[in-house]
Amino acid sequence: MGSIVLDKVQKKFGDVEVIPPLDLEINDGEFVVFVGPSGCGKSTLLRMIAGLEDLTAGKVNIDDNDVTEVSPAKRGLSMVFQSYALYPHMTVRKNIAFPMRMAKVPQDVQDAKIEAAAKSLNLADYLDRKPGQLSGGQRQRVAIGRAIVREPSAFLFDEPLSNLDAALRVGMRLEIMELHTKLKTTMIYVTHDQVEAMTMADKIVVLQAGVIEQVGSPLELYHTPRNKFVAGFIGSPKMNLIEGEEASKHDATTIGIRPEHVSVSTTEGMWKGTVGVAEHLGSDTFIHVHNTGLDTGEGDLFTVRISGDIAVSHGDTVYLTPQMDQLHKFDAQGLRIA
Amino acid sequence: MANRTIPRLLQTPAVLLLLVWMLVPLGMTLFYSFIRYVLNSTVRPEWTTPSWSNWRGFGNYEFVLNSKDFLFAIKNSLFIVGSILSLTVVLGVLIAVLINRSFPGRGIVRVLLISPFFVMPAVNAVLWINMLLDPVLGLQGIAVGAINDMAAGMQDAPLVGWFFNLWPVLEPISFRATQTSAIAVIMMVTWQWTPFAVLIFMTSLQSEDQQQKEAAVLDGASRWSQFRFLTLPHLGRPMAIVVMIQAIFHLSLYAEIEIVSRGNGNKNLPYLIGEFTNNNIGAASATGIFAVILANIVAIFLLRAVGKTLME
């Protein structure tokens, strides 16, 4: 079991309110991702759930028990840190055994659990090495192993993949997702990377300045962002946000169109612009278009994403046509207009 | 090859200077240790000048080995150094952990803690033996006297009087005595060198990874377990450094021994050398060579024990 309910939790560092009173429900077995720009309070929120950070006000409930005043170790949560936080003087085996040793678990039970964890995480060959002799990915797996053996009611991940290189990150992402399908334990995952959020989450919590901007499934967030911030934050490349005259044509303060919902032609279309940089990825091409005459904010940049390749180069004139049914409209407060 | 000549030439003076500084004294010591050489002799005046014709072979070494103080000096050296090392490391770790927490006036406390290290060894010895440890005039004598007076005064008191009647009259300890002079030296040197250990351990504690501690908290580790399994192993390397450096320094203690008891009941090899140097330079040199050998044996053991920690 591992349902977590945050009830008006608030965090102040001195006079600075990092997290204004905030409510959130996490159901048992869910994979929840906290995502937001750096400094948005997502790690602080996670640490408050873990008990590493005191609450200024509010309550944390785990499985309907108020754990606000309960010590971190007794909350039944495991955490995986960005820096792995392995104990450098112990072997991998002792690292994984440490929480069980602290809980005075019998030695034969310990050995069996270590064996099982090592097998499922491909660590069997490294059990007698020290963390310093392992690669980043292996260290992260040891940290996960140490978290698994406690059989927690929920796993907390604090940006666990940020220190890995890109290729390894994709692999570890899959491993964590497989772990979740296998264990069916609640997982809370903090990241600033919206790709990780989109690919891994059952439920994404988008945070900005300690405030929840939107909670929803990845596709909900993609298709119906509640406000301009979520619209700009979710999706890569970023959504094009257009203000001014073009927006008022649609009775909105701001209109948004995702780069993949714009078609490009060299001969005719709704908006005209010149090609700046074209990024050819093979499967996709990102074209940065300037001088569109649209009010796209600072930088005068309109991004288009097309499948496959197109023969345009720097300075060429192109015509852009948005798919009207994919247009997002926002009012003066930045909220979505249905 | 040619472009290496100039750097080597430029290094030469420094290297030569170092070699001369090391090899000349060592060579002279070796030479003196194999000849008869005394400072003053009316019977054999030819022994007062060093010369090959006074060759004595291993005679000086035999003389030193058979002298009654030699074995005692070696044992006592090891006892003093061992005691000081264990005391400074234990006290150093405890104090460092204590003042690593934040409390008002921490800066001042830290400066005061370091200050014993700036006291000269001889001054340290004089202060301790006269002002603190003296059985009559020192703090020890005054404290023991005060306790005795208090116990005597309480003997007639109701209810608790019987307890103070059982109280033995305390005798102040003379730290210049044969049995206690080594203890006095251990105390004063420990007082002086604990700050050094504290300083090194404190810097190391500040580099301890806080996320590891948080992970340990989540893993259910108590404060003691965190100290035992995280902090102590983290301090392994600085401990090795403290032990090595102090071992080198304390094998050559001299001023404290001289001031406390003039070697009464408390000698080490340097002190023995000092005693021989009053007249018998040959024996003093032979003892010097023994001291070099002892230092190397200690160094080998230390490097074995400590080197492993440093290599990791």
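1. Two strands are said to pair if DSSP finds at least two bridges between them, and helices (H or I, at least four residues) and strands (E, at least two) are DSSP runs numbered from the N terminus. In chain A, strand β1 and strand β4 (residues 57–62) run antiparallel and are joined by five bridges, and A:Ile4 has A:Ile62 as its bridge partner in β4(A).

2. This is a predicted model, in which local features need pLDDT of at least 70 and side-chain atom pairs count only at pLDDT 80 or more, while totals for chains, interfaces and linings use all residues. Residues are numbered from 1 along each chain as its sequence is written, and chains are lettered from A and ligands numbered from 1 in the order in which they are written.

3. Chain A contains nine helices and 18 strands, and its C-alpha atoms fill a box of roughly 75 × 45 × 35 Å along the principal axes. A residue counts as buried if 20 or more other C-beta atoms, placed from the backbone, lie within 10 Å of its own, as exposed if 12 or fewer do, and as partly exposed in between; by this rule 38% of the 338 residues of chain A are buried.

4. An automatic or database domain assignment supplies the domain bounds, and it divides chain A into domain 1 (4–228) and domain 2 (237–330). The centres of these two domains of chain A, taken over C-alpha atoms, are separated by 38 Å.

5. Strand β1 of chain A (residues 4–13) also pairs with strand β2 of chain A (residues 16–26), in the antiparallel sense and over seven bridges. Within this pair, A:Lys12 stands opposite A:Glu17 in β2(A), and in the hairpin, where two residues lie between the strands, A:Gly14 takes a positive phi near 65°.

6. Elsewhere in chain A, five strands with antiparallel pairing form an open sheet in the order β13-β17-β14-β15-β16. Because β13 (262–265) and β16 (302–307) of chain A stand at the edges with a single partner strand each, one side of each is left without a neighbour in the sheet. The partner of β13(A) described here is strand β17 of chain A (residues 317–322), which runs antiparallel to β13(A) and is joined to it by four bridges, with A:Ser265 opposite A:Tyr319 in β17(A).

7. A nonpolar core is a set of buried Ala, Val, Leu, Ile, Met, Phe, Trp, Tyr and Cys residues joined through C-beta atoms within 7 Å. The largest one has 88 residues, of which A:Val33, A:Leu156 and A:Ile188 touch the most other members, and this core draws at least three residues from each of domain 1 (4–228) and domain 2 (237–330) of chain A. Leaving aside residues up to four places away in sequence, A:Ile188 touches several residues, including A:Ile26, A:Phe34, A:Leu46 and A:Leu156. A second, separate core of 49 residues includes B:Ile35, B:Phe175, B:Ile186 and B:Phe276.

8. Two residues are in contact if their C-beta atoms, placed from the backbone, lie within 7 Å, and on this basis 15 residues of chain A are in contact with 14 residues of chain B. The largest share of the side of chain A that touches chain B, three residues, comes from α2(A). With Ala, Val, Leu, Ile, Met, Phe, Trp, Tyr, Cys and Pro counted as nonpolar, Asp, Glu, Lys and Arg as charged, and the others, Gly among them, as polar, this side of chain A has 12 nonpolar, three polar and no charged residues.
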